[in-house]
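Open the structure in your viewer and keep the selection tool at hand. The tour moves from one selection to the next.

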Amino acid sequence: MPAGAPAQVPAASAGRMPLGLAGLDDRELLEITRTAPRDSARRDAACELLVKRHRNLVWSCVRRYRGSPEPAEDLAQVGHVGLLKAINNFDPAFGVSLAAYAQPCISGEIKRHFRDKRWQVHVKRSVQDLVLDVRAAARQLTQDLGRLPTDTDLARHLGVSRDDLREARQAEMAFQPCSLDAPLAGQPEAASLADLLGDEDPAMEHMLNIQAVAAHWRELPQREQQILVMRFYGDMTQAQIGHQLGISQMQVSRLLAHAFCYLRPRLLGLEPPAVGPAAAPPVTVPAAAGALP
């Protein structure tokens, strides 16, 4: 139902209530709605009278959603649809009152409205229900505790885990998303929300690579650690490294290749080749060695 559309409440013909209906109880009015022809004024008048008698039930269901961005009047229209469905489907032979039967019908209609019309992304029904329960629990606990409840308070009150509570909060953020092109109030230098979003940090991938190398750094022999530090931290050539360590450039190249052969499959999650000589005690590496690529 589009917002602002009038609720489909039947009206008595000629704007008058047929004589004799006002004194009837719910059961007698329901009998009229079941037996009278659907296009009869008497049936329409009985439905209208039942709706008027139970409009407070509709509003009691709507009040549960008063923290929602949806206008209460729109929700009341949806709730009246549920009330009419209850009137049309209720069988007095079951022996329960119309109010007891209509209450879940009204609440269910409002929940379907939120599920089908309001959520901008798909959210599981159980999470949608938890979002509503969290709102109600937050109001209740605020009154009981005299302060805003913590996540622990809410989780304990609702009997859910903090992970479930976190999922509900994240889902609620998707209930009324903001456009990236929406203008921002109080931000004269930012035309839209998109202007405040950060760009991708080019150093992030480099940092992740460094962390991956650090996880296997001490598995390398001491000599290979030393050569890697001199090559990538000291920016020395292979010839300079060989001269300083007293080995040939060919040996430096071979040790570098061995270190790369050891690290590459481990960083890429591949099956590592046969391990070479056992790792010797690690060399002390300067703190800035974290800049290794």
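Is R34 buried, partly exposed or exposed? Select R34: with a relative accessible area of 47% it is partly exposed, where buried means under 20% relative accessible area, exposed over 50%, and partly exposed in between (1.4 Å probe, protein chains only).

This is a predicted model, in which local features need pLDDT of at least 70, side-chain atom pairs count only at pLDDT 80 or more, and totals for chains, interfaces and linings use all residues. Residues are numbered from 1 along each chain as its sequence is written, and side-chain values use heavy atoms, leaving out hydrogens and water.

A salt bridge is a side-chain nitrogen of Lys or Arg within 4 Å of a carboxyl oxygen of Asp or Glu. R34 and E31 lie 3 residues apart in helix α1 (residues 26–35), about one helical turn. Helices (H or I, at least four residues) and strands (E, at least two) are DSSP runs, numbered from the N terminus.

Next, select K52 and E48, another salt bridge, with the closest N and O atoms 3.6 Å apart. E48 is buried at 15% relative accessibility, while K52 is partly exposed at 42%.

Then go to D153 and R147, whose closest N and O atoms are 2.9 Å apart in a salt bridge. D153 is buried, at 13%; R147 is partly exposed, at 40%.

Select K85, E109 and R112 to see a network of salt bridges. The whole structure has 10 salt bridges.

Finally, zoom out: the protein has 12 helices and 0 strands.
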